[in-house]
Amino acid sequence: MLDAQVTKAAPSLLYMVKQVELVVRSHLDELVKPSGITALQYTALTVLERHDGRSAAQLARDSFVTAQSISDVVRSLETRGLVRRERNPRNRRELLILLTDAGRELLARHAGPVRELEERMVRDLTAHQAEQFRQALSKSWHALS
């Protein structure tokens with residue numbers, strides 16, 4: 001007869017990270033949908049906000065997507081006037097992607113709701129635990145990069 005007290009294994013960290021990613025992306029999609037963009041497009045805009053003037057390859061890496069995907073994202077954002085492309089003065093064959101004023105305004109409109117989502121995600125953590133969580137995520141990312 002099997003033991004009625006079978007201990008279930010805790011989910012793997014990879015599984016838990018994926019669960020958090022999916023729920024965050026779902027909430028983020030809902031937050032940015034009224035502006036006509038996706039969570040992926042929002043992510044690309046936030047990357048440019050921190051590091052304006054990225055090449056498509058750099059933006060793809062920093063946005064966690066393929067070069068083909070970022071090409072579609074940039075084209076859509078450019079059509080909406082949220083980014084622009086210009087030649088790299090140091091390498092005329094390379095196009096740099098830059099955030100426009102309209103892109104900055106869109107990010108500013110969503111800054112509060114996105115901050116509230118992040119706060120909601122860590123609301124049951126102390127400030128110290130939230131900082132430790134941030135550091136653990138950063139260390140995990142670096143370990144795999």
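Reader: At what angle do the axes of helix α1 and helix α5 cross, and within what distance do they come?

Author: In this predicted model, the axes of α1 (residues 13–32) and α5 (residues 101–121) cross at roughly 155° and come within 11 Å.

Reader: Why is α1 called roughly antiparallel to α5?

Author: Angles over 145 degrees count as roughly antiparallel. The crossing angle is roughly 155°, and therefore α1 is roughly antiparallel to α5. The crossing of α1 past α5 is right-handed. On the α1 side, the contact residues include Val 20, Val 24 and His 27; on the α5 side, His 110, Pro 113 and Val 114 are among them. By class, this contact has 9 nonpolar, 2 polar and 1 charged residues.

Reader: What makes Gln 58 partly exposed?

Author: Buried means under 20% relative accessible area and exposed means over 50%, with partly exposed in between. Gln 58 has a relative accessible area of 28%, so the residue is partly exposed. Gln 58 belongs to helix α3 (residues 56–63).

Reader: What makes β1 and β2 the edge strands of the sheet?

Author: The open sheet of 3 strands has the order β1-β3-β2, with antiparallel pairing. Strands β1 (54–55) and β2 (83–88) each pair on one side only.

Reader: How do you know that β2 and β3 pair?

Author: Two strands pair if at least two bridges are found between them. Here 6 bridges join β2 to β3 (residues 91–99), and the two run antiparallel. As one example, Arg 87 has Leu 95 in β3 as its bridge partner. Helix α2 (residues 39–50) packs on this sheet and touches β1, β2 and β3.

Definitions and conventions:
Residues are numbered from 1 along each chain as its sequence is written. This is a predicted model: local features need pLDDT of at least 70, side-chain atom pairs count only at pLDDT 80 or more; totals for chains, interfaces and linings use all residues. Side-chain values use heavy atoms; hydrogens and water are left out. Helices (H or I, at least four residues) and strands (E, at least two) are DSSP runs, numbered from the N terminus. Buried means under 20% relative accessible area, exposed over 50%, partly exposed in between (1.4 Å probe, protein chains only). Axes are lines fitted to C-alpha atoms, for helices over the stretch in contact, and angles run from 0 to 180 degrees between N-to-C directions. Angles under 35 degrees count as roughly parallel, over 145 as roughly antiparallel, 65 to 115 as roughly perpendicular and the rest as oblique. A crossing is left-handed if the near helix is turned anticlockwise from the far one by less than a right angle, and right-handed if clockwise. Contact means heavy atoms within 4.5 Å. Ala, Val, Leu, Ile, Met, Phe, Trp, Tyr, Cys and Pro count as nonpolar, Asp, Glu, Lys and Arg as charged, and the others, Gly among them, as polar.
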